[in-house]
Each structure stands twice: as structure tokens, then as C-alpha cells.
Amino acid sequence: MDLEGGTRRNSKIESWKTVLTLAYQSLGVVYGDLSTSPLYVFRSTFSDEVGDAVPVDKIYGVLSLVFWTFTLVPLVKYVFIVLKADDNGEGGTFALYSLLCRHARVNSLPNVQVADEELTEYKKDGYGVAPERSFASRLKSTLEKHKVLQRILLVLALIGTCMVIGDGVLTPALSVFSAVSGFELSMSREHHRYVEVPAACIILIGLFALQHYGTHRVGFLFAPIVITWLFCISAIGVYNIFHWNPHVYKALSPYYAFQFLRNSQKGGWMALGGILLCITGSEAMFADLGHFSQLSIKIAFTSVVYPSLVLAYMGQAAYLSRNHEVRQEYHFGFYVSVPEKLRWPVLVIAILAAVVGSQAIITGTFSIIKQCSALSCFPRVKVVHTSSKIHGQIYIPEINWLLMLLCLAVTIGFRDTRRLGNASGLAVITVMLVTTCLMSLVIVLCWHQNVLLALGFVFVFGTIEALFFSASLVKFLEGAWVPIALAFVFMTIMYVWHYGTLKKYEFDVQNKVSINWLVGIGPSIGIVRVRGVGLIHTELVSGIPAIFSHFVTNLPAFHQVVVFLCIKHVPVPHVRPEERFLVGRVGPRDFRLYRCIVRYGYRDVHKDDIEFENDLICSLAEFIKTGSTASNSTNDETESDDKMAVVGTCSGHTMMMKEDNSDNAVNNNADDLAGTSELKEIKSPVIQPKKKRVRFFVPESPKIDTGIMEELEEIMEAREAGVAYIIGQSHMRAKAGSSVLKKFGINVVYEFLRRNSRSSSLVLSVPHQSSLEVGMMYQI
């Protein structure tokens, strides 16, 4: 009993160590942006009060609004409610959309299969199915019947995503510019404007230039910097409270917030745009959930971040309540409330904290663009994985330099925190509104809770956020137009790409051919089978793609083994390796035509890996060896998911595959191994100076049929002869008679994006000598 109790206690200690370690790490990754908000909240809120004596009641009212906004949105909404709506551990706008797609058939991905719903991580929430006559069931059927509602849901998710990208432009500019604004206390106004903007631009250029090194190389510095910054602002806050106004705690009463809004009326409503900035970065708690855990994020926020920031805001209000004779705008800034002897050290720490906060939103922008690209909502871009251990740490060169240029443009163009704050505030509050709307659907469709609970959630948080949104939107001409313009551009790109992808897939489905067509034309044009494996890259999950018929008609020969290869992403964060491949047969067994669907989650790492080809051939061999799903039907139209087998990577197969770079070792061991097992040697494509050999070992224990053995041997001989990749190059044009908008979207925008986007990771990793491109014109 004692031993069992000791083991249980040790496991608890280990688990708590892990949670506390994650909580410590989250301080540097998640809370950098949120913790730098005190630099600009009061300055943006009181920007119109310069030259006047601000009444103490107004300062108390603003502090009360800041406190309750900071309590209701980050603490109550995100920490206690939204964090529970994770998608198998992942968070963010697209995670909510993915969650809804799996509980209702509102998915806009074209090549969805019933077999995808059998993935282990497809449904893992444990809520089961809603009763037939419940509101959740009726809402689900309504969404599934009306395509317009599905498009609205997709557009809503895309709007939230575009605003996150806009935040990735505005937050670094605002944080860094606010941090370097401390120089204005030590130099004249004329000299300051020649220092502030260049210093901010230099820091921003350095920040974006270092992105390719990856977060993991400097990540160990992030948490200490944020912890030091939080300690500084909380300590300064405590000092200001006791030194200037110990009674400032009275302002935490909601009475002062109510009085401020009632007395100020339009002025108080306009001030909400500045108060809103106290919650910038709250969305990161949910968006970065995949790197940590719910408990670790809750512990870090409630025990460190929340009390530190509340003390910082109270300290600033205490200072302002005794120094409210304002002559310059910087008198509302953070640095004025810092004791003079500490200003330079605090300035250095603030700049470092601003860089950390900017790093977090930039990395988050990379992640969400990768998710959009995986779900066919963004053109393909180059994704560089900067860490071999943490899958979420990525770098996208094109997006990085685009963000840098846009960030420098808004910094140089605005040159003040007020307009930068207006722009950033609108982007942040829009993302929060989208999260609230999607979250209300999750409460009903996924959690199967009472509709009144969802309505209450929307009413409480939607009302608060709508009030802030209106206050931000009214400042359209004062900087708030920037996130709207950025969102419009990115929204156009994403929607046109998604629309073009859907139309291309529909064209492929309508023009696919059956195996009967191939059998019929074979004798007439004299089709020849050549040695080797031919991989036909296609988006189709059934039928023979038009590019293959186009290829055979013009060149009447194809390989002895043909695999129709479809690489697709499913609306789950990760697909387990043992469920990666979905393999089936196309046509009769003698044709040696196969279909292989490779499934990835939207957060999965799909590197340009030379092992992919080996895994593919190994999965085919495992499928043939089992023989359970083989179909001798000559009609391809009967192919369905239930005739395809789920096959994992080579590590999980009974037919083992080993590599040996030494030719002598293979030759010396071949005779010894032949007596104990069936052995075939397969040469991989030469991609290195040293020849690599891959060997299949078929165990003796299972009784393998003669026909299956012949098929395996032919697969191995074809693999030894080499692998050729047949890749389609499509050119899309709108049909004659289409609307002007459709012609512009397809002929101009989509074709421009297609020509300038990256090829798929499979195509990029194919050696040029092994690839064959087949061009086709699509009329949609």
C-alpha cells in the first residue's frame, strides 16, 4: 500500500512539475503583448485631454472601466469559458471553425470522405450526439441544408483570420513605438521626433530579420524578460499607490465606471477605444493553446499576469490623480509615473518586452496562415520548420517580409501611438467578436448545452465587445481604416483562392474517367506498360483524373505500377501515423492500379522528407499483403471508402523496411536472410552520392497467397526500376458568358496567385529528372 501511494504521489509531483514548467514558458510566449498594454492604455484614452486639468472622478472612471474590462474579457470569457473549447488541444479561430465542421457538415473542403470521420481525433470531446428533436439537432440540419449559411460561417472565420494577420502588422508597431516613446522625457520635442521613428524602425527591422532563426533559439530568454517586466510594473504600481494615493482602490467599484459613462456621454464612449487596448493580446491565450495546456495558461494568468497588470494600472491612476495638470500628451504616458532614477532601466526592459510581445503575434500569424493554407483558404507558401521538437514553431519567409514592410509603413505613416492604438484596437475587438459568435455555436452544436446559455454568452460578451467595436469604428479616419483595408485585401485573396480551388476540384470531378474507358481504348491505341512506378498527383479521392487520360491519349504508355496519389488535409489538428494512409485498388488486380490518400491535420508537419516515398511503397505492400480490401470489379464507379484500407507508416507494419547505405553489408547478409524470410532489395532514387538500399522483410509466420506474393514482387521490381511523378499543371479560365466579377476573380486574381504561389511540398521535393508535368486548361 505504501509503495502504491508513493508511486501515486511521485506521478502527481511530476505532473505538477510539467504544469508549472509550461506555465513558466507561457509567460514568454503568450503574455508578451498583453503585458505591454500599460505602455499606451492611459495615453490613448486621454489623448483628447491635453491642456486641461483632468478631474479625479474621470481618472477613477477610466481605471474602473479598465479593471472590469480586463476582468470580464480575458479572465471570465477566455480563461474560464473559451479555453474549454479546444480542438483536441488546439485553439484559435480556425480551431473553432474546425470543431464546428466536425459536428455539422458545413465543411467547405472539397475532398471530404466518410472515412475521415473514423479518425481517432475526429471526435474526442465525449459529448455524444444531440437528441433528434433538440434545438442543437434542428440548428445542425438548418446549417447543413443551406449553403448560404455555410458560406457566412466560412466568411466569419476568414474575417477573424484576416484581422489576426492585421494585428500581426499593427501590434509590433504599436508595442515597439510605445516602448521607445520613453526617450521623449530626456530630450526636446524637436529632437525626439527625429529619434523615435528611426529607433522604432531599426528595432522592427532587427526583429523581423531574426525570425528565420526560430523562436526556440531565443525562447529561453522570453519568460525571464516578461517576468522581469511584470515585476517592474507591479512594483512601480505598488510604490505609486502608497506614495501618491492609497485610496485609489475605491476606483475598482463599477459605480465609477457607470458615473464616467453617464457624465461623459459621447466623450466617454469615444474613450472606450483607448480602454480597449488593455485587452490586446487576450486572444493569444486561446490561439497558443496548442503549445501549452489549459491549466498552465490559467495558472500563469491568474497568479502572475492578472495581479501584476491590475497593480500597474492602479499605480498609473494613483499618479495621475495627484498630477492631473496635463500640458503635454506624454504626461499621460507610462514613463511619467516611473520614478526618475528607474526610467532608463525600465525603458530597456520595456523595449525587450515589446520585442517579446511582437514575436508572439508574428509567430501566431505564421501559424494561422499555415492553417488557412492547409484548409485551402490561402495560397501555398514556403513553410520552414525551425524546431525539430516543437511542431508549431515555423517561419514563412514571404509573410515575414510582407509583415515587415507593412509594419514599417504604418510606423512611418502614423508616427504616434494614438492612431496606431485606434488601428490595433479595431483589429483586436473584431477577432473577439468573431470568437464570441463562433463560441455561441460551439456551446449549442458541440457541447449540446441549452440555447439560453449560448444566448446569455452572446448577450453579455457580445454587448461589451459591440460597444468597444462601435467606439473603435467611429475613429475610422483616425487610423481605424488600416485593419479594415488590410482585412479587405487578405479576405479577397483568401476567398478567391478558396473559390478557385473548389471550382477546380468540381471540374476534376465532372471530367474524371472510368476504368472502362481505359480498358476500351487500350487495344485501339496500343498502350504499353513500362517498368517502374508512376505516381499521379491528384486532388481526387475517387475516379481517374483527367490529366491521366490526357497523358495516356498523347503518350500511349504508362508504368507497370500506377498510384493515384492524393495528399489532403482534414479538419483535425493532427492525424496519427498509424492512420496516415488510406489505400485502395482501382480496377482489376491485374491492372496494378492503386489509389493512396495521404491525410494530414492542419497542424501536422509535412516536411520535404525523403522517407515519404518509402512510406508510400511500404503502405502499398502492407495493403497488398493483407488482401482484405482487394476488389476485382472492373467498374471504377463502385469504388468507395469501405473498399479502402487504413495503413500506417512503415514503423507500424508487420512487413518491416530497413535501409542500409553499405552495398557490401547487403550483399553479405542477403544469403543468410534468404533462408529465414522472403527478401527483396529495392533501390531508392539516387539523391545522395552514396547509394541507398531499402529492404522489405516478409515474415515467415503468415501464409502468403501465391497471387499476393507475385503482386508484391512486381511492386518491388517496379520500385527498383524507379519512381516517376506525373504532376498536373492547370490553367484556369472563366467560361464565356461569365460575369465580369467572376472573370476578374478567376482570370486575373486566381491565376496571379497560382503563378506566384509555391507548389505543394510533394512537388517541391521531387527530383527534376523524376518528374513529368502535364498541362491542362480548365474552363469553369
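## The largest cavity

Helix α14 makes the biggest contribution to the lining of the largest cavity, giving 8 residues. This is a predicted model, so every value here is computed from predicted coordinates. The cavity has a volume of about 370 Å³, and a search of the whole structure finds 8 cavities of 30 Å³ or more.

Which residues of the lining are closest to the centre of the largest cavity? They are V164, E283, A284, A287 and I361, out of 27 lining residues. The elements that give two or more residues to this lining are α5 (93-103), α7 (147-180), α12 (283-287), α14 (343-374) and α16. By class, the lining is made up of 11 nonpolar, 11 polar and 5 charged residues.

## The chain as a whole

The chain has 780 residues, of which 56% count as buried. Looking at contacts with a separation of 6 or more, 83% are between residues 24 or more positions apart.

In soluble globular proteins, nonpolar side chains tend to be buried together. Here the largest nonpolar core has 165 residues, and Y31, F70, W229 and F301 have the most contacts inside it. Helix α16 (residues 417-446) gives the most to this core, with 17 residues. A second, separate core holds 30 residues, including L535, V598, M709 and L712.

Beyond its neighbours within four places in sequence, F301 is in contact with Y31, L34, F70, P74, L75, V79, M285, Y306 and P307. So what surrounds F70, again leaving aside neighbours within four places in sequence? Its contacts are L34, L75, C278, I279, F301, Y306, L309 and V310. F70 sits in helix α4 and counts as buried, at 1% relative accessibility.

Is K77 buried or exposed? K77 counts as buried because its relative accessibility is 0%, and the cut-off for buried is under 20%.

Not counting residues up to four places away in sequence, K77 touches L72, V82, M432, T435, T436, F457, F461 and E465. One of these contacts, E465, is with a residue that counts as charged.

A disulfide is a covalent bond between the sulfur atoms of two cysteines. How many disulfides does the structure hold? The count is 0.

C377 counts as buried, at 2% relative accessibility. For C596, the closest cysteine sulfur belongs to C566, and the distance of 9.3 Å is also too far for a bond. C596 is buried too, with a relative accessible area of 0%.

## Loops to look at

Most residues other than glycine have a negative phi. Two arginines in loops have a positive value instead. R415, in the loop between α15 (397-414) and α16, has a phi near 60°. R592 has a phi near 55° and is placed in the loop between β5 (581-585) and β6 (593-601). At 9% relative accessibility, R592 counts as buried.

K643 lies in another loop, the one between α21 (611-626) and β7 (644-647). Its relative accessible area is 30%, so K643 is partly exposed. K643 and G584 are 59 residues apart along the chain, and their C-alpha atoms are separated by 6.4 Å.

Terms used: Residues are numbered from 1 along each chain as its sequence is written. This is a predicted model: local features need pLDDT of at least 70, side-chain atom pairs count only at pLDDT 80 or more; totals for chains, interfaces and linings use all residues. Side-chain values use heavy atoms; hydrogens and water are left out. A nonpolar core is a set of buried Ala, Val, Leu, Ile, Met, Phe, Trp, Tyr and Cys residues joined through side-chain atoms within 4.5 Å. Buried means under 20% relative accessible area, exposed over 50%, partly exposed in between (1.4 Å probe, protein chains only). Helices (H or I, at least four residues) and strands (E, at least two) are DSSP runs, numbered from the N terminus. Contact means heavy atoms within 4.5 Å. A disulfide is a pair of cysteine sulfur atoms within 2.5 Å. On a 1 Å grid over the protein atoms alone, a cavity is a set of points where a 1.4 Å probe fits but cannot get out, and a pocket is an open set with protein on both sides within 12 Å along at least five of seven lines; lining residues have an atom within 4 Å of a point. Grid points are joined across faces, edges and corners, and a volume is the space filled by probe spheres set on the points.
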